Amino acid sequence: MSLPPILRERLRLPVIASPLFIISCPKLVIAQCKAGVVGSFPALNARPVSLLDEWLAEVTETLAAHDRANPDRPSAPFAVNQIVHKTNDRLERDVELATKYKAPIVITSLGAREDVNAAAHSYGGIVLHDVINNRFARKAIEKGADGLIPVAAGAGGHAGQLSPFALIQELRGWFDGPIALSGAIASGAAILGAQAMGADLAYIGSAFIATQEANATEAYKDMIVASGGEDIVYTNLFTGVHGNYLRPSVKLAGLDPDNLPVADPSAMNFNSGGNQKAKAWRDIWGCGQGIGAVDAVVSAGELVDRLAREYAAARAALEQKSRVYG
């Protein structure tokens with residue numbers, strides 16, 4: 001199955017910038033889309049819900065103006081992330097607003113609902129659902145999702161434990177639709193690697209935290225630049241769902257990252273941002289294992305430029321190796 005036109009014709013790179021809780025905002029999304037990759041943000045980042053109306057208006061109007069002024073270099077589409085979980089008591093209103101503005105792509109997380117998918121399909125949008133295993137993937141497609149985002153080991157924030165090789169090969173055993181791989185991707189070579197193992201696109205989050213447009217503190221951005229894969233800790237303590245976090249931020253919160261207790265999954269609360277005592281996302285910072293490739297805080301456009309150069313170089317190197325090994 002080929003990619004839908006919206007993911008095939010308007011991207012400079014086969015990349016979706018993942019929705020980052022608190023961090024993704026209109027400024028970052030617009031910069032990502034103008035640079036030629038899908039920009040996205042969680043609907044829950046706009047608080048109160050009336051702010052989501054303003055954000056969607058700003059993103060759609062700004063990108064439309066850009067496209068009118070640059071017909072030869074139109075922006076990439078944007079995506080809205082919906083948390084489909086019982087604790088999200090504003091989901092229906094958020095879906096109504098995404099439908100009002102005809103969000104081109106809807107990314108669903110932590111649950112799959114047919115009515116959410118149908119709302120996106122009503123105006124021609126597509127739905128990508130993030131999953132951590134094959135079982136959840138099948139449920140998502142059965143309920144009408146158009147594509148999958150396998151969140152493999154090493155991804156920032158909430159993440160699974162399966163190797164991307166294992167996860168992709170299982171999914172490709174039965175699913176030929178769009179797949180955007182998530183998990184420690186922060187270089188152009190890694191984007192190409194994701195495609196080589198069977199994905200269509202790369203899903204990149206942590207590298208975009210260390211950009212000028214990101215709504216993150218300078219300390220958070222600097223910590224990403226200074227850290228590497230060994231500085232990531234995997235725990236469910238902070239939200240009830242396992243995820244990856246920056247070890248130094250856990251230490252700064254007065255906790256021992258090597259001896260964290262296991263949380264009760266019923267502690268999940270995505271309206272309040274997780275366990276308030278632990279101050280997840282605000283003080284304890286999510287991040288993936290791929291940040292060793294991030295060595296400076298740059299603009300989103302500069303990051304995409306770097307990824308594009310590396311992707312082209314990796315493709316050229318692979319073609320040369322293919323000639324050698326025939």
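Visitor: Which residue in E9 stands opposite Ser182?

Guide: The model is a predicted one, in which local features need pLDDT of at least 70, side-chain atom pairs count only at pLDDT 80 or more, and totals for chains, interfaces and linings use all residues. Residues are numbered from 1 along each chain as its sequence is written, and side-chain values use heavy atoms, with hydrogens and water left out. Strands (E, at least two residues) and helices (H or I, at least four) are DSSP runs numbered from the N terminus. The residue of E9 that stands opposite Ser182 is Tyr203.

Visitor: Over how many bridges do E8 and E9 pair?

Guide: Two strands count as paired if DSSP finds at least two bridges between them. Strand E9 covers residues 201-204, and its parallel pairing with E8 has a bridge count of 3.

Visitor: In which order do the strands of the open parallel sheet stand?

Guide: Strands of a sheet pair through backbone hydrogen bonds, either parallel or antiparallel. E1 also pairs with E9 in the parallel sense, over 3 bridges, and Ala17 stands opposite Ile204 in E9. The 3 strands form an open sheet with the order E1-E9-E8.

Visitor: Which residue in E3 is the bridge partner of Phe41?

Guide: Strand E2 (residues 39-42) is covered on both faces, with Gly39 and Phe41 buried on one side and Ser40 and Pro42 buried on the other. E2 pairs with strand E3 (residues 78-83) in the parallel sense over 4 bridges. In E3, the partner of Phe41 is Val80.

Visitor: Which residue in E11 stands opposite Tyr234?

Guide: An open antiparallel sheet of 3 strands has the order E7-E11-E10. E7 (157-158) and E10 (232-235) each have a single partner strand, so one side of each is left without a neighbour in the sheet. E10 and E11 (residues 243-246) run antiparallel and are joined by 4 bridges. Opposite Tyr234, E11 places Asn244.

Visitor: How far apart are the axes of H8 and H12?

Guide: Two packed helices are described by the angle between their axes and the distance between the axes. Axes are lines fitted to C-alpha atoms, for helices over the stretch in contact, and angles run from 0 to 180 degrees between N-to-C directions. Helix H8 (residues 188-196) packs against helix H12 (residues 300-325) at about 55°, and the distance between the axes is 6 Å.

Visitor: What is the handedness of the crossing in which H8 passes H12?

Guide: Angles under 35 degrees count as roughly parallel, over 145 as roughly antiparallel, 65 to 115 as roughly perpendicular and the rest as oblique. The angle of about 55° makes H8 oblique to H12. A crossing is left-handed if the near helix is turned anticlockwise from the far one by less than a right angle, and right-handed if clockwise. For H8 and H12, the crossing is right-handed.

Visitor: How many residues of the contact of H8 with H12 are nonpolar?

Guide: Contact means heavy atoms within 4.5 Å, and the contributors include Ile191 and Leu192 of H8 and Leu307 and Tyr311 of H12. Ala, Val, Leu, Ile, Met, Phe, Trp, Tyr, Cys and Pro count as nonpolar, Asp, Glu, Lys and Arg as charged, and the others, Gly among them, as polar. The contact has 2 polar and 2 charged residues, and its nonpolar count is 7.

Visitor: How many residues of the contact of H3 with H4 are charged?

Guide: H3 (residues 49-69) and H4 (residues 91-100) pack at about 15° with axes 10 Å apart, which makes H3 roughly parallel to H4. Val49, Leu52, Asp53 and Leu56 of H3 meet Arg93, Asp94, Leu97, Ala98 and Lys100 of H4. Beside 5 nonpolar and no polar residues, the charged count is 4.

Methods: Buried means under 20% relative accessible area, exposed over 50%, partly exposed in between (1.4 Å probe, protein chains only).
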